[in-house]
Amino acid sequence: MKMQNIKLEIIALGVIILFIAAFAAVSSQEGHEWSGADSQAEDVISDLTGGSYQPWYSSIYQPPSGEIESLLFALQAAIGSLIIGYFLGYYRGRAGLQMQEKRDPVKRAPERAAEEGEGKTDA
Amino acid sequence: MHIMEGFLPHPWWEIWFAVSLPVVALGVYKINRMIKERRETLPLLAVAGAFVFVLSSLKLPSVTGSCSHPTGTGMGAIIFGPWITSVLAVIVLVYQAVFLAHGGLTTLGANAFSMGIAGPAVGYLIYRAAAKSGLHIYLAVFLAATLADWATYLVTSIQLALAFPAASGGVLASFKAFAAVFAVTQVPLAIVEGVVTALMFKYIVQLRSDVLLRMKVLSSDAIKRLKEAAA
């Protein structure tokens with residue numbers, strides 16, 4: 001039953017290991033730049049138009065260096081992770097409390113009554 | 001899938017704005033209505049948006065020797081549908097266009113269409129069809145998220161091909177050229193995104209199945225089965 005519990009986690013781990021293995025295998029061959037597909041599309045555009053296409057508008061802000069760019073990307077990931085972790089953690093904690101109350105209602109009941117009483121005086 | 005700033009000529013950048021704008025506007029309206037009627041969905045909406053933030057910031061190496069990034073939109077599409085997800089995608093695209101010079105404001109309409117509308121619509125339809133057919137729910141989520149990601153990049157290839165038809169062979173030939181850059185590179189990334197989304201979905205089922213029930217993502221029977229399997 002325990003294994004059934006984390007089946008999806010094991011599959012996810014397996015897929016990620018395969019992904020890393022593929023990266024290692026491709027890395028071991030020479031001649032890969034690991035450039036972004038988005039910028040490769042720019043090269044295709046210049047091939048197709050014979051180099052005549054000029055972008056008619058340029059970015060309003062350009063990160064001054066690769067370091068700053070990676071800082072901003074990391075910031076984006078950090079903001080996202082923070083929000084996900086906060087809410088999932090909050091819900092997990094709350095679900096744990098509810099389980100505890102179900103298991104041990106007698107012990108928790110007076111405390112709960114006190115909390116509810118407080119809520120009433122506030123309102 | 002980001003078409004870089006200034007890389008869509010007239011009239012294409014205007015066309016994609018015209019297509020995307022009404023969808024995103026309807027998405028904003030739907031978000032407002034949902035928050036008013038079902039305030040308890042708001043944290044989950046934030047999580048779906050945050051998921052797009054995280055996944056689209058990760059530039060991952062692929063088997064082709066180049067890097068690309070997942071989209072993260074499958075999760076939002078499955079829970080909230082493509083309209084609302086388009087708004088989440090636009091928020092991320094604006095952040096990246098303004099601060100990272102990644103994508104662009106003139107190409108925002110086209111990028112919003114591929115990442116925020118076409119991908120999520122594919123994901124949503126696949127999830128609904130797969131769940132209805134009785135496929136295991138996590139497998140349905142995996143398929144939906146994987147194909148939403150992949151469809152996004154195919155649509156980008158189509159958008160670029162329409163704007164830059166090849167001198168010989170026209171739109172089809174240039175579609176092949178752009179898809180050669182995007183489609184294969186994206187396959188392993190899309191699979192990883194699908195698995196991670198399925199895992200995330202599992203945690204949401206465990207923690208907030210009430211919202212999934214109310215949004216009609218899962219039936220109460222399906223929730224019961226998934227919870228029993230996890231117990």
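I'll start with confidence. Chain A has an average pLDDT of 86, and 81% of the residues reach at least 70. Within chain A, helix 2 scores highest, at 95, while helix 5, residues 105–122, scores lowest, with a mean of 59. Where pLDDT is low, the predicted coordinates should not be read in detail.

Next, chain B. Its secondary structure consists of 7 helices and 2 strands. The order along the sequence is α-α-β-β-α-α-α-α-α. The C-alpha trace of chain B spans about 60 × 40 × 30 Å along its principal axes. Of the 231 residues, 59% count as buried. Taking contacts in chain B between residues at least 6 apart in sequence, 72% join residues at least 24 apart.

Now the core. The largest nonpolar core has 91 residues, and B:Ala48, B:Phe51, B:Ile78, B:Ala112, B:Val141, B:Ala144 and B:Phe178 have the most contacts inside it. Helices 1 to 6 of chain B each give two or more residues to this core, and so does helix 3 of chain A. What does B:Phe178 touch, leaving aside neighbours within four places in sequence? The contacts are A:Ala41 and A:Val44 from chain A, plus B:Ser157, B:Leu160 and B:Ala161 from chain B.

One loop residue is also worth a look. B:Thr107 sits in the loop between helix 3 and helix 4 of chain B. Is B:Thr107 buried or exposed? There are 25 other C-beta atoms within 10 Å of B:Thr107, and the cut-off for buried is 20 or more, so B:Thr107 is buried. Beyond neighbours within four places in sequence, B:Thr107 is in contact with B:Ile3, B:Met4, B:Glu5, B:Phe7, B:Leu8 and B:Trp13. From B:Thr107 to B:Ile117, 10 residues along the chain, the C-alpha separation is 14 Å.

Last, the interface. Contacts between the chains involve 50 residues of chain A and 52 residues of chain B. On the chain A side, the elements that give two or more residues are helix 1, helix 2, helix 3 and helix 4. Helix 4 of chain A gives the most, with 15 residues. By type, the chain A side divides into 31 nonpolar, 13 polar and 6 charged residues.

Methods. Residues numbered from 1 in each chain as written. Chains lettered and ligands numbered in written order. Predicted model: local features only at pLDDT ≥ 70, side-chain atom pairs only at ≥ 80, totals over all residues. Contact = placed C-beta atoms within 7 Å. Helix = DSSP H or I, 4+ residues; strand = E, 2+ residues; numbered from the N terminus. Nonpolar A, V, L, I, M, F, W, Y, C, P; charged D, E, K, R; others polar. Buried ≥ 20, exposed ≤ 12 C-beta atoms within 10 Å, placed from the backbone. Core = buried A, V, L, I, M, F, W, Y, C linked by C-beta atoms within 7 Å. pLDDT = per-residue confidence, 0-100.
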